[in-house]
Amino acid sequence: MTLQIYNTMSRTKEDFVPQEPGKVKMYVCGPTVYDYIHIGNARPVIFFDTVRGYLEQTGHEVNYVVNFTDVDDKLIRKAEQLGTDVPHVAEKFIAAYYKDLEGLGIPKASSNPRVTENMPLIIDFIRELVEKDFAYENGGDVYYRTGKFAEYGKLSKQNLQELQFGIRIGVDERKEHPEDFVLWKAAKPGEIFWSSPWGDGRPGWHIECSAMAREYLGDTLDIHGGGQDLQFPHHECECAQSEVLTGKPLANYWMHNGFIRIDNEKMSKSLGNGVLVKDLRNQYKREAIRYFMLSTHYRNPLNFTKDTMEQAQNSVDRIANSVGNLKHRLQAVSVDQAVSAEFAARLEQIRQQYHQKMQDDFNTPDAITALFEWAGEANQLLQQDVVNAADIRALLELFSELNAVLRIYTDAEPELLDEEIERLIVERNEARKTKNWARADEIRDELSAQGILLEDTAQGMRWRRK
């Protein structure tokens, strides 16, 4: 099997061949840290972590860089609202971002470079563009000469004339042409600033990623990712900036995830329908959030509703129950002999199904289907009167492999029950022995109210937390 990736640049699926065998350089545009991240931010966070995870699972060493935009107009306005400064705003929301990552079960990137910590290299990058006559200064601002880059528009598949008439461009008399974009912005009175050859100011948005990608990963990335909304103008401008300096492609593979809608409406501040990840985590298990994000192909739009989240929760509970029942049954079986060739073949078919789907442009919805095929095998095995321990272990080993990247199940040790709950369980067992079904049901309901679910199985009573 060969991994294929849909490349936004070519609009086709292509065999993935990293520049250096076994090593992948991957850059994904990160958040502007002026607020808590919302569900739209969470989709690339979860998906591109899944990409990294699968590349690592298949033997690649991944250098995964996600930047922080920690100075721009939004942070300046937020600082004014909060009565503080830009660095304090950035620190607050970077900490909140990491907390959300932890809550979603996502490890940190290889590095998270910040704009403010890389200002000299950003200024040097702009200086090189000016020296090559691809940029010019006017009134303390520096602009990129878009018309001088013949391939501008190649990523979004629009020519410069279409962009001039089809894209809303702010009127700025300091520009030579309306489509030119800013590389360096002169500081207004009272704003945070850095000194530069063109005066005090700060970088424009597009230049930071070009400069940091080159610094941390080199002239050409294997994969450059982000949301579909970044395709134009952000990634288009990155191409223009980087490629005129290096003479090389900025990235060999461009990947963009689709938008998220809320109850079939576009998520927007004007509608007030945004959903913050920190609030979502308080309502649903992280496994359900991951399931929701991965149950639709990353390039397709995704619709968030209460019903879809409840369906996601039910699905991950079904998987978790299969895993839990297998582990519970394993403790009681006495037969332990070699796995039959027929059973091993069925498990291998599920493994191949998972990898085939992941190799097909990270088709996570169909990869998840392989997990339900696995659950079907597990449940069928559990219905047998006599079960082979080796079969259970083979199922659990396969599940660990399938779940390692998707992570829609978390193997957590059950918490110890406090003395009151232990007493109620003992009392319920006694009530059942004396056929006091009313009291047994009453205790079950009482425990359920405290977040404890009891399950009567053929192997005895077991419990789990909601």
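Modeller: Helices (H or I, at least four residues) and strands (E, at least two) are DSSP runs, numbered from the N terminus. This is a predicted model, where local features need pLDDT of at least 70, side-chain atom pairs count only at pLDDT 80 or more, and totals for chains, interfaces and linings use all residues. Residues are numbered from 1 along each chain as its sequence is written, and side-chain values use heavy atoms, with hydrogens and water left out.

Colleague: How many helices and strands are there in the protein?

Modeller: The protein has 15 helices and 15 strands. Its C-alpha trace spans about 90 × 55 × 35 Å along the principal axes.

Colleague: And which domains does the assignment give?

Modeller: Domain 1 (4–283), domain 2 (318–406) and domain 3 (419–465); the bounds come from an automatic or database domain assignment. Taken over C-alpha atoms, the centres of domain 1 and domain 3 are 54 Å apart.

Colleague: Changing topic, cavities. How many of 30 Å³ or more?

Modeller: Two cavities reach 30 Å³ or more. A cavity here is a set of points, on a 1 Å grid over the protein atoms alone, where a 1.4 Å probe fits but cannot get out; lining residues have an atom within 4 Å of a point. Grid points are joined across faces, edges and corners, and a volume is the space filled by probe spheres set on the points. The largest cavity holds about 40 Å³.

Colleague: What lines the largest cavity?

Modeller: Arg43, Phe47, Met293, Leu294, Thr296, His297, Tyr298 and Thr364. H1 and helix H9 (286–294) each supply at least two residues of that lining.

Colleague: Threonine 50 next. Which helix is it found in?

Modeller: Threonine 50 is in helix H1 (residues 39–57).

Colleague: Why does threonine 50 count as buried?

Modeller: Because its relative accessibility is 1%, and buried means under 20% relative accessible area (1.4 Å probe, protein chains only). Of the 466 residues of the protein, 50% count as buried.

Colleague: What is threonine 50 in contact with, leaving aside neighbours within four places in sequence?

Modeller: Arg290, Leu294, Met358, Thr364 and Val405, where contact means heavy atoms within 4.5 Å. Leu294 and Thr364 are also among the residues lining the largest cavity.

Colleague: And where does the side chain of threonine 50 reach at 2.8 Å?

Modeller: To the backbone oxygen of isoleucine 46.

Key:
A polar contact is a pair of N or O atoms within 3.5 Å; within protein, one must be able to donate a hydrogen and the other to accept it, and residues adjacent in sequence count only if both atoms are side-chain atoms. On a 1 Å grid over the protein atoms alone, a cavity is a set of points where a 1.4 Å probe fits but cannot get out, and a pocket is an open set with protein on both sides within 12 Å along at least five of seven lines; lining residues have an atom within 4 Å of a point.
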